Amino acid sequence: MFETRKFTEDILAVTKEKAQSIIAEAENETEKALQEAKARFSREAEDVIRNAKAEAEGVKRRQMSEARHKVKLQEQLEKDQILSDVLQQTRRKISEISDDDGKYFPFLVSCITNAVRELGLGEVVVQISAKDLKRVDKTRLEREILKKLGKHAKIEWSKDPAEALGGAIVSSTDGRIRIVSTLDQKFEALESKLLTEAGRQLFGSNP
Amino acid sequence: MSGMETVRIIVEAEKEAAKTLEGAQAKASEIRKRLDSMLEAKREELLRTAKNEASMIMKRAEAEGEAEAQEFERNAKSAIQQVITRASAQKGSAVGKLVALIMGSEQ
């Protein structure tokens with residue numbers, strides 16, 4: 001009787017131990033898998049945060065870049081406005097000078113003399129503005145031109161006025177060659193240089 | 001105790017042992033089955049926390065970026081204004097130089 005009880009108790013004890021071992025093994029496996037997975041998920045979560053930080057830096061950089069661009073644009077607009085004002089005022093000033101005989105006459109003489117010299121012809125046709133046709137003493141003008149030219153040339157004054165603020169258009173008698181030396185043409189030809197010079201004057205090396 | 005009785009007791013004990021093992025296997029199986037949902041729950045928890053933090057980082061960066069950009073704009077505008085004011089005061093002189101350039105081009 002005693003031996004039988006001892007035998008069955010042993011069976012049950014071994015079984016209980018085995019059962020605990022099965023459960024413990026499952027728990028250990030689970031715990032190990034959980035820990036491994038946690039490490040993996042943590043890396044995944046760190047990636048999310050790292051990406052967010054990189055994106056956040058990008059957002060800040062973009063905002064600053066937009067601000068820089070906006071400010072640069074505004075700066076350029078304001079500078080362009082000033083340069084445009086300066087060009088307008090220059091045109092106005094030149095128009096005023098064309099009314100001032102003391103300053104304008106020597107310019108007109110040089111303008112026509114240089115054009116005649118450049119054409120290299122003995123006979124030329126000169127067109128001046130309607131305003132100059134009325135008020136400029138052409139005899140005096142021709143005398144000064146020839147004096148400055150230092151040689152004889154025949155100048156024919158066209159009755160057809162040049163559409164210009166001032167200056168002249170000098171042509172060969174057959175009209176095939178002509179040199180436009182009006183104030184308007186000079187302004188247009190020099191506009192880019194004028195803008196550069198005005199920018200340098202007003203804004204230094206950073207126009 | 002007769003021999004028959006002894007055999008019955010042993011058989012009963014083995015039945016109980018088999019039942020205990022079966023129960024242990026079932027519990028182990030249940031523990032393993034719970035693992036997937038535990039993993040999923042853990043992943044969701046960690047990612048949710050990370051996403052919340054990421055969202056905070058973005059919000060903070062946007063606010064900081066905006067504030068920095070505004071400060072930059074304020075400072076830059078003030079500097080531009082100084083340049084423009086100085087340039088405006090020199091417009092007359094610049095006009096004089098341009099006029100001289102045009103009129104002087106024939107000298």
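Domain bounds, as used here, come from an automatic or database domain assignment. In this predicted model, chain A is divided on that basis into domain 1 (1-97) and domain 2 (101-201), and the C-alpha centres of domain 1 of chain A and domain 2 of chain A lie 75 Å apart.

- Where domain 1 of chain A meets domain 2 of chain A, eight residues of domain 1 are in contact with nine residues of domain 2.
- On the domain 1 side of this contact in chain A, the residues that touch domain 2 comprise five nonpolar, two polar and one charged.

**The nonpolar cores**

- The largest nonpolar core has 34 residues, and those with the most contacts inside it are Val86(A), Leu108(A), Ile112(A), Ala168(A), Val170(A), Ala198(A) and Leu98(B).
- At least two residues of this core come from each of several elements, including helix 1 (2-97), strand 1 (123-128) and helix 5 (183-203) of chain A, and helix 2 (91-104) of chain B.
- Helix 2 of chain A gives the most to this core, with eight residues, and both domain 1 and domain 2 of chain A supply at least three residues each.
- Val86(A) touches Ala198(A) in its own chain and also Lys91(B), Ala94(B), Val95(B) and Leu98(B), when residues up to four places away in sequence are not counted.
- A second, separate core of seven residues includes Ala56(A) together with Leu46(B), Ala54(B) and Ile57(B).

**Helix 2 of chain A**

- Among the buried residues of helix 2 of chain A are Tyr104(A), Phe107(A), Leu108(A), Cys111(A), Ile112(A) and Val116(A).
- The buried residues of this helix pack against helix 1, strand 1, helix 4, strand 3 and strand 4 (178-182) of chain A, and also against helix 2 of chain B.
- Gly120(A), which follows helix 2 of chain A, has a positive phi, near 70 degrees.

**The contact between the chains**

- Across the two chains, 61 residues of chain B are in contact with 63 residues of chain A.
- Helix 1 (3-89) and helix 2 of chain B are the elements that give two or more residues to the side of chain B that touches chain A, and helix 1 of chain B gives the most, with 46 residues.
- By class, this side of chain B has 33 nonpolar, 11 polar and 17 charged residues.

Key
Residues are numbered from 1 along each chain as its sequence is written. Chains are lettered from A and ligands numbered from 1 in the order in which they are written. This is a predicted model: local features need pLDDT of at least 70, side-chain atom pairs count only at pLDDT 80 or more; totals for chains, interfaces and linings use all residues. A nonpolar core is a set of buried Ala, Val, Leu, Ile, Met, Phe, Trp, Tyr and Cys residues joined through C-beta atoms within 7 Å. A residue is buried if 20 or more other C-beta atoms lie within 10 Å of its own, exposed if 12 or fewer, and partly exposed in between; C-beta atoms are placed from the backbone. Helices (H or I, at least four residues) and strands (E, at least two) are DSSP runs, numbered from the N terminus. Two residues are in contact if their C-beta atoms, placed from the backbone, lie within 7 Å. Ala, Val, Leu, Ile, Met, Phe, Trp, Tyr, Cys and Pro count as nonpolar, Asp, Glu, Lys and Arg as charged, and the others, Gly among them, as polar.
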